[in-house]
Amino acid sequence: MELVVTLALLGILAAIGTPVLLGNIRAAKNADAQNTLKTIYLMQKNYFAENYCYYVNAGKADNTASINQLLLGSADPTHGPITVGATNDFYFYILPGAVGSTGSCTGIHANDYTAYAQSRTDNTLVYSINQLNVKTGFQ
């Protein structure tokens, strides 16, 4: 009888604890994506100081490896500061802002930008930050 009561209590604790644990894991992954965007913002400031333009990507695809190499200075873009591939719940890309690419800022350069973190599993979950440190989606 004591064994049945013990198993019942363990079942109740597991039923309560699992959703809480999964919610905490999701919150940690979201915070990691937001922190990565803050890192991109800071590195864009350095990039602008050296190039007088911001680094941008072409399109809304997974450009994490390019960001690792061309913005964050990683020698191996697949093993840079940002985790590349399906093991990261988010992928990252940087698009030109409203002013876009004009004058000497063309190609992978722009006068302004917005950096995005897009969830791989939930298309509605997107965080962004721009050159003015204006954030959307952050909690």
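Isoleucine 25 counts as partly exposed, because its relative accessibility is 38% (buried means under 20% relative accessible area, exposed over 50%, and partly exposed in between, with a 1.4 Å probe and protein chains only). This residue is found in helix H1, residues 2-51.

The model is predicted: local features need pLDDT of at least 70, side-chain atom pairs count only at pLDDT 80 or more, and totals for chains, interfaces and linings use all residues. Residues are numbered from 1 along each chain as its sequence is written, and side-chain values use heavy atoms, with hydrogens and water left out.

The chain has 2 helices and 6 strands, arranged along the sequence as α-β-α-β-β-β-β-β. The chain is more spread out than a compact globule, because its radius of gyration is 20 Å, well over the 14 Å that the globule rule gives for 139 residues. That radius is taken over C-alpha atoms, and the rule is 2.2 Å times the number of residues to the power 0.38. Helices (H or I, at least four residues) and strands (E, at least two) are DSSP runs, numbered from the N terminus. Along the principal axes, the C-alpha atoms fill a box of roughly 80 × 30 × 20 Å.

Of the 139 residues, 34% count as buried. Among contacts (heavy atoms within 4.5 Å) between residues at least 6 apart in sequence, 56% join residues at least 24 apart.

Strand S5, residues 126-130, has 4 of its 5 residues buried, so it is largely enclosed by the rest of the structure. S5 pairs with strand S4, residues 113-119, in the antiparallel sense over 5 bridges; two strands pair if DSSP finds at least two bridges between them. Within this pairing, tyrosine 127 in S5 has alanine 117 opposite.

The hairpin formed by S5 and S6 has 4 residues between the strands, and asparagine 133 in the turn has a positive phi of about 65°. In a regular strand, side chains alternate between the two faces of the sheet.
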